[in-house]
Amino acid sequence: MIIGIDDTDSPNGMCTTYLAAKLKKKFKIKSTLRLIRLNPNIPYKTRGNGAVAIVTDFNHKIRKEVIDYITTYSHLSHKKTNPGIAFVPKLSRKKQIILEKFYRKVVSEHVSIIEAEDTAVEIGAEVIKFKNGRGIIGALAACGAVLDDKTFELIAYREKRNYGQERKINFQSVFSMNEKFYPKCFDSVDIVSNQILITPHGPDPIFCGIRGKSSMVVKKAWNDIIPLEKIEFIQVFETNQASDDHLKWKKIREIKPFDCVKISGKVSSNPKTIQGGHVFFKLMDETGEIDCGAYRQTGEFRDVMKQLCTGDEIIVYGGIGRHSNTLNLEKICIEKLKSILLDTPPLCCGRKMTSSGKNKGFKCRKCNNKIRKVMKTKVFRDIELGWFEVPPRARRHLSKPLVRFNRK
Ligand code: ATP
């Protein structure tokens with residue numbers, strides 16, 4: 001059986017991974033816990049839209065205990081907390097495919113509570129709703145996650161008395177760990193902004209999370225970290241993080257609010273930088289046109305966007321945010337740069353000739369020589385073909401860093 005749990009926390013605290021880790025300890029569950037990230041554009045999320053799945057033997061005691069745990073520890077009084085639990089029995093191949101398809105939709109698009117209930121009935125899973133029960137969407141999806149490009153995260157939990165306090169960690173130990181383990185461990189620091197990224201900032205029980213390609217490597221990396229406060233315990237999770245699982249190829253016309261997509265198209269307006277430093281341009285394919293944005297938080301990534309020109313052929317990866325129909329960029333691949341030709345004045349008497357007016361050619365100020373023929377010069381494009389991504393500090397949990405491309 002797989003047990004899925006979601007939406008137990010609130011901005012005031014708690015964390016679904018913590019509840020799952022406590023259950024694992026209590027029932028001495030041997031299997032690795034799964035931390036499954038879902039559509040990052042969903043407005044109901046508290047932080048990173050994560051749900052948890054626990055693979056275990058069927059046991060009525062566990063079922064009751066899970067329900068009691070969620071009832072006791074969830075932040076039920078918070079208006080945005082709507083927990084859900086899914087108990088998924090061993091499935092036939094056909095039902096497994098239905099559940100996988102459901103996961104693929106939840107990780108990439110917007111899904112209704114009714115769709116989750118219908119899927120549960122179709123595959124014979126039990127779902128338990130608290131309050132409006134939206135958590136069953138994530139709980140059921142987590143049970144169907146296909147971890148064919150899985151990564152691992154070691155989460156260290158704080159002692160309760162430290163919740164809400166600033167996290168105390170030896171800053172240098174994180175940079176040294178990164179130097180030793182990168183790229184086997186990734187997104188631990190942001191070199192450009194000199195930030196450590198493994199510690200969150202909220203009142204939740206998480207002290208830090210170290211991401212990497214195997215369970216062994218994240219455990220080794222943790223041994224190099226120097227926490228300056230007591231840690232309650234650590235737990236390693238298998239995850240779909242850094243997999244790009246959320247991105248689906250779509251044509252512009254097919255895109256709906258909250259979708260996570262990959263689109264191939266042509267730049268159809270030159271980039272503009274607006275107040276606040278956000279950069280926007282339009283992209284078109286044969287079905288339509290869409291605004292693409294690289295926000296201030298994406299830092300140096302915007303410098304690449306600013307160099308794009310109308311006619312450039314690119315692939316964009318990103319998501320439709322909560323507040324507009326703009327595609328927030330996560331990565332782009334520049335496939336073809338448009339050649340830009342500019343009229344350039346010819347030389348005469350060792351100097352550049354001056355324009356005689358629009359379409360009237362050029363004249364030499366010194367000898368009065370006139371030339372009607374205009375020379376064209378290819379403008380140097382200060383940009384290369386290939387992939388560009390946002391820096392680690394602006395990366396979504398599900399986004400695959402380029403350093404993981406072609407790596408298993
Ligand atoms: P944390 O990362 O701290 O665990 P969170 O950011 O995961 O918190 P939740 O509290 O789990 O946020 O809330 C997310 C809610 O959105 C859940 O109820 C989940 O079922 C629901 N949800 C997740 N994905 C989708 C989706 N694609 N469509 C609709 N609802 C979704």
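**Close-up 1. K400 and D149, two buried residues in a salt bridge.** Both K400 and D149 are buried, where buried means under 20% relative accessible area, exposed means over 50%, and partly exposed lies in between (1.4 Å probe, protein chains only). Their side chains meet in a salt bridge of 2.8 Å, N to O; the term stands for a side-chain nitrogen of Lys or Arg within 4 Å of a carboxyl oxygen of Asp or Glu. K400 lies in the segment after β25 (386–389) and D149 in the loop between α5 (135–144) and β6 (151–158), so the pair ties together parts that are 251 residues apart in sequence. Helices (H or I, at least four residues) and strands (E, at least two) are DSSP runs, numbered from the N terminus. The model is predicted: local features need pLDDT of at least 70, side-chain atom pairs count only at pLDDT 80 or more, and totals for chains, interfaces and linings use all residues. Residues are numbered from 1 along each chain as its sequence is written, and side-chain values use heavy atoms, with hydrogens and water left out.

**Close-up 2. K26 and E65, a salt bridge between two helices.** A search of the whole structure finds 33 salt bridges. In one of them, the side chains of K26 and E65 meet at 2.7 Å, N to O. K26 belongs to helix α1 (residues 16–26) and E65 to helix α2 (residues 60–73), so this pair links distant parts of the chain, 39 residues apart. K26 counts as partly exposed, at 43% relative accessibility, whereas E65 counts as buried, at 17%.

**Close-up 3. A network of salt bridges around D259 and K256.** E109, K248, K250, K256 and D259 are linked in this network. D259 counts as buried because its relative accessibility is 1%; K256 is partly exposed, with a relative accessible area of 39%.

**Close-up 4. The open sheet β21-β22-β23.** Three strands form the sheet in this order, and the pairing is antiparallel. The edge strands, β21 (354–355) and β23 (370–371), each pair on one side only. β21 and β22 pair over 2 bridges; two strands count as paired if DSSP finds at least two bridges between them. K363 lies in strand β22 (residues 362–363) and is the bridge partner of T354. At 32% relative accessibility, K363 counts as partly exposed.
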